Amino acid sequence: MMKKNLVFISLFLMIVFLAACGDSDSAERTEDSGGGDGGGESLVFGTGGTSGVYYPIGGALKPIFEESEHVGNVTVESTGASVANIQNMQDGLNQMTIIMSDVAYDALEGTGQFEGNQTDVQAMAGMYPNVVQVVAMADSGIETIQDLEGKRVGVGKVGSGVEQSAQKVLEAIGLTYDDLSKVTHTGYADSVQEMKNGTLDAAFFTSGVPNSNITDLMQQNDIVFVEIKDDVAATLMDSYPFYQEYTIPAGDEAMYNLDQEINTVGIQNMIAVSPDLSEDLVYDLTKRYYDYLGSDEVSVSALNELPRDDIAKDLVAPLHPGAEKFYEENGMLE
């Protein structure tokens, strides 16, 4: 009887041991598989705030890029946008980002917020422009951009792309913050609320057109769009190569349905990628992005604002070798 019990116990222990080994092997396979990502590279895609356009663009492109055999998965990260995205990429936290061209220019030149911190920025593709939209209350007495002097103005959050464009526009007309009676560093929604409350005369909105916050302000308030044109626009474009002329059309219901067109300037957005990514990977991402723009699947309207055959044009940052190879093969480089 004793021998039988010993044999039973030995068999039982062996079964438990084998089961434990099996669980261990299974756990190792799950860990090694990276969650079933197929073994490709994991990418973190830095975008912007969840209420802006960058973040939904990242969400729309995620499944497109994940179809690549070179990519395991794409994590879309909400960030502080352009400046934070470049810093995160420099630190290896993001492998792809959406950024504004003016911030990319400062990073490449080691100027502005990147003073003394020159950074290698490589482009994959150009995108729609962020348009400098200066909006004032109709009773503020502001009719031209020079009329901002002595007024209460919202210039965007500290360090944001909005503030950078506001500072450059003020510089072009010979003004600084000291020439304004009040400066608020607020986001779009807070600037609009202050304008509704009568504590702000005007605000800068550097974004795609339309900006939903401006549309909200227009619902129950009389406003004016302040143009940036003629000598002021020329000064900006001469001083900074990332500025382009932009006209908000009249009579377009999708663009504020204005009575008359508004002349201003825009700053192109771009997808930037880490220089550490391989040529084959970025080539494939560029091809998939180009093909996506030519499909009926584009779900974020801003992506249709720049014709897909123009996505390699007028970029302030050098192309990643993988993107450059794709564009050369398709005759898209000037």
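In this predicted model, Ile 99 has Met 270 of strand 10 as its bridge partner. That pair belongs with the pairing of strand 3 (residues 96-100) and strand 10, which run antiparallel and are joined by five bridges.

Strand 10 also pairs with strand 4 (residues 122-137), again in an antiparallel arrangement, through seven bridges.

Is strand 10 mostly covered or mostly exposed? Strand 10, spanning residues 262-273, is mostly covered, with 11 of its 12 residues buried.

The helices call for another kind of description. Two packed helices are characterised by the angle between their axes together with the distance between those axes. For helix 6 (residues 188-197) and helix 7 (residues 212-220), the axes come within 9 Å and cross at roughly 15 degrees. Angles under 35 degrees count as roughly parallel, and helix 6 and helix 7 are therefore roughly parallel to each other. The crossing of helix 6 past helix 7 is right-handed.

Which residues make this contact? Helix 6 contributes Tyr 188, Ala 189, Val 192, Met 195 and Lys 196, while helix 7 contributes Asn 213, Asp 216 and Leu 217. Sorted by class, the contact of helix 6 with helix 7 comprises five nonpolar, one polar and two charged residues.

Notes:
Residues are numbered from 1 along each chain as its sequence is written. This is a predicted model: local features need pLDDT of at least 70, side-chain atom pairs count only at pLDDT 80 or more; totals for chains, interfaces and linings use all residues. Side-chain values use heavy atoms; hydrogens and water are left out. Buried means under 20% relative accessible area, exposed over 50%, partly exposed in between (1.4 Å probe, protein chains only). Helices (H or I, at least four residues) and strands (E, at least two) are DSSP runs, numbered from the N terminus. Two strands pair if DSSP finds at least two bridges between them. Axes are lines fitted to C-alpha atoms, for helices over the stretch in contact, and angles run from 0 to 180 degrees between N-to-C directions. Angles under 35 degrees count as roughly parallel, over 145 as roughly antiparallel, 65 to 115 as roughly perpendicular and the rest as oblique. A crossing is left-handed if the near helix is turned anticlockwise from the far one by less than a right angle, and right-handed if clockwise. Contact means heavy atoms within 4.5 Å. Ala, Val, Leu, Ile, Met, Phe, Trp, Tyr, Cys and Pro count as nonpolar, Asp, Glu, Lys and Arg as charged, and the others, Gly among them, as polar.
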